[in-house]
Amino acid sequence: MLKGMEIARWTVLAAAIEAAATGLVLFARSSWFARLVFGSEFSDAGSALGRLTAIALLGLTLATWPSGAMGPLPSSVRALMTYNVLATIYLLYLAIGHQLTGILLWPAIELAPVVWTAPRWI
């Protein structure tokens with residue numbers, strides 16, 4: 001059981017790091033994010049929305065960050081995993097249906113299943 005809990009903790013940590021990294025890049029350089037992931041530029045309104053999204057992602061990261069031996073609460077883990085699943089589905093939709101593909105779009109889609117592995121205790 002301890003091994004499973006440790007794997008779950010590392011899975012949550014990986015997902016939280018991914019969300020934090022996305023949020024930091026979106027906040028600091030939303031134009032880089034747009035170019036790398038979508039192969040396009042954000043409008044001024046898109047940049048503002050990207051930064052607002054970054055703030056939400058950073059808040060989600062803080063809410064789900066594993067702390068101490070107990071780890072994160074199952075409800076916060078479900079929220080983080082839900083974000084990862086829905087974001088991946090939407091990015092896949094954009095990549096296939098709308099031709100918005102930057103150099104990091106497919107790697108982002110391929111990385112997501114790694115953090116979908118929800119711990120058993122959720």
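The backbone nitrogen of Ala20 sits 3.3 Å from a polar side-chain atom of Thr61, inside the limit for a polar contact (N or O atoms within 3.5 Å, one able to donate a hydrogen and the other to accept it; sequence neighbours count only if both atoms are side-chain atoms). This is a predicted model, so local features need pLDDT of at least 70 and side-chain atom pairs pLDDT 80 or more, while totals for chains, interfaces and linings use all residues. Numbering starts from 1 along each chain as its sequence is written, and side-chain values use heavy atoms, without hydrogens or water.

Thr61 belongs to helix H3, residues 44-64 (a DSSP run of H or I, at least four residues; strands are E, at least two). Its relative accessibility is 6%, so Thr61 counts as buried (under 20%; exposed is over 50%, partly exposed in between, 1.4 Å probe, protein chains only). Leaving out residues up to four places away in sequence, Thr61 touches Ala16, Ala19 and Ala20 (heavy atoms within 4.5 Å).

On the aromatic side, the whole structure holds 3 aromatic pairs (ring centres within 6.5 Å, six-membered ring for Trp; planes under 30 degrees apart are stacked, over 60 edge-to-face, the rest tilted). Phe33 and Phe38 have ring centres 6.0 Å apart and planes at 75°, so this pair is edge-to-face. Both Phe33 and Phe38 are buried, and ring pairs join Phe33, Phe38 and Phe42 into a cluster.

As for the overall fold, the chain has 5 helices and 0 strands, in the order α-α-α-α-α. Of its 122 residues, 34% are buried.
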